[in-house]
Amino acid sequence: MAYTQEHYEKVREAQKRSYSPYSNFKVGAYLRTKDGKEFFGANVENAAYGEAICGERSSLVAAISQGYRPGDFESLTVTVDADKPSSPCGSCRQVINELCDDDMPIYLTNHKGDMIETTVAELLPLGFSGKDLNI
Ligand code: THU
């Protein structure tokens, strides 16, 4: 499904759930499955800063925990409050690469409504995956 206003409204709702008292950088994620289910993610920080969990990964972990499997996902939309949409960190790219199809669209947005469309393969070219382990 192509990017719509609904993706934007839902990811902005997800962002409100961010727990980010240390950075004040609120990240929202809206993950849609191929069978139409929706999962919401947000970054969750900790006084031990390194334990912060990113919004992108929190949406994927929620979906997998509820029984969804690699390849079940249709799109991931991410939002931040920044001059331009932010792109997922390296750790998130690796986890997205593990769980999502190479051509799955990823929509990167911000508070102004800017949107950059990319894909899993574009974010992690030549990525390491289960294929390298013959799995
Ligand atoms: N963050 C994300 O949620 N996703 C990313 O891909 C990059 C960074 C979060 C982690 C931390 O809570 C805050 O943004 C600032 O780094």
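Here are a few notes on this predicted model, for someone meeting it for the first time.

1. Let's start with the overall layout. The protein has four helices and five strands. Reading from the N terminus, the elements come in the order α-β-β-α-β-α-β-β-α. The radius of gyration is 14 Å, close to the 14 Å that the globule rule gives for 135 residues, so the protein is as compact as a globular protein of that length.

2. Of the 135 residues, 43% are buried.

3. Rolling a probe the size of a water molecule over the atoms shows where empty space is left. The largest pocket comes out at a volume of about 300 Å³. It is lined by 15 residues, and those closest to its centre are Asn97, Asp102, Ser129, Gly130 and Lys131. Sorted by class, this lining holds six nonpolar, four polar and five charged residues.

4. The second largest pocket has a volume of about 230 Å³. Here 17 residues make up the lining, with Phe25, Val27, Asn43, Cys54 and Glu56 closest to the centre. Which elements give two or more residues to this lining? They are α2 (55–65) and β3 (73–80). As for class, the lining of the second largest pocket splits into 10 nonpolar, five polar and two charged residues.

5. A pair of aromatic rings is described by the distance of the centres and the angle of the planes. The count here is four aromatic pairs. One of them joins Phe39 and Tyr68, which sit edge-to-face at 5.5 Å centre to centre, with 75° between the planes. Phe39 belongs to strand β2 (residues 38–42), while Tyr68 is in the loop between α2 and β3, so the pair ties together parts that are 29 residues apart in sequence.

6. Are Phe39 and Tyr68 buried or exposed? The cut-off for buried is under 20% relative accessible area. Phe39 has 6% relative accessibility, so it counts as buried. Tyr68 has a relative accessible area of 14%, so Tyr68 is buried as well.

7. The charged end of Arg17 sits over the ring of Phe40, at 4.9 Å from the ring's centre.

Note on methods. Residues numbered from 1 in each chain as written. Predicted model: local features only at pLDDT ≥ 70, side-chain atom pairs only at ≥ 80, totals over all residues. Heavy atoms only, no water. 1 Å grid on protein atoms, 1.4 Å probe; cavity = no way out; pocket = protein on both sides within 12 Å on 5 of 7 lines; lining within 4 Å. Points joined across faces, edges and corners; volume = space filled by probe spheres on them. Nonpolar A, V, L, I, M, F, W, Y, C, P; charged D, E, K, R; others polar. Phe/Tyr/Trp six-rings, centres within 6.5 Å; stacked < 30°, edge-to-face > 60°. Buried < 20%, exposed > 50% of the residue type's maximum accessible area, 1.4 Å probe, protein only. Lys NZ or Arg CZ within 6 Å of the ring centre and 35° of its normal. Rg over C-alpha atoms; globule rule 2.2 N^0.38 Å.
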